[in-house]
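Reader: I have a chain here that I would like to talk through with you. Could you tell me which labels apply, and what stands behind each one?

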Amino acid sequence: MNKQQALAEFVTFGPHKAQALNILLSDNSAVSLAISKAMLSVVLAKYLSGEIDEDDLENWAGFIELRDEVDCTLIDDYLYALNNPELMGGINLDSIGNMLKLIKGQIQKEIP
């Protein structure tokens, strides 16, 4: 797995997330990945389905926000909310469900 694949694997909570994290922590090559709202919606859906928990989601958002090789421009507001759950009433099924609905509505508007 190269660094680009590792970024994508980690960002989407893929099945090889642990291996991807090891690559990201050890590889200093210059690779970047822009995170789309669609990618964020995949992660939020994993939370809603119980694949990941509140801590996973909050830690993921913090890690993504701090990585130089990850372009979070399209989801900055959402990452801020996930990194500061006390400001949005906590990370729970209702708040993340509402966030996902909002994102899906935005994605639909972006499709011509």
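Author: Gladly, and let me start with a term: buried means under 20% relative accessible area, exposed means over 50%, and partly exposed lies in between, with a 1.4 Å probe and protein chains only. Please keep in mind that this is a predicted model, where local features need pLDDT of at least 70, side-chain atom pairs count only at pLDDT 80 or more, and totals for chains, interfaces and linings use all residues. Residues are numbered from 1 along each chain as its sequence is written, and side-chain values use heavy atoms, without hydrogens and water.

Reader: Which residues of H6 are buried?

Author: In H6, Ser95, Ile96, Gly97, Met99, Leu100, Ile103 and Ile107 are buried. These buried residues pack against helix H3 (37–48), helix H4 (54–66) and helix H5 (76–83), where contact means heavy atoms within 4.5 Å.

Reader: What makes H6 a helix, and what span is expected for it?

Author: A helix is a DSSP run of H or I with at least four residues, a strand is a run of E with at least two, and both are numbered from the N terminus. Helix H6 covers residues 93–110, which is 18 residues. The expected span is 1.5 Å times one less than the number of residues; H6 reaches 26 Å from its first C-alpha to its last, close to the 26 Å expected.

Reader: How many helices and strands does the chain have?

Author: There are six helices and two strands, and from the N terminus on they run α-α-β-α-α-β-α-α.

Reader: Why is Pro15 called exposed?

Author: Pro15 has 78% relative accessibility, so Pro15 counts as exposed. Its place is the loop between helix H1 (3–11) and helix H2 (17–26).

Reader: How do you know that Leu25 is exposed?

Author: Leu25 has a relative accessible area of 55%, and therefore Leu25 is exposed. This residue lies in helix H2 and touches Phe63 and Arg67, not counting residues up to four places away in sequence.
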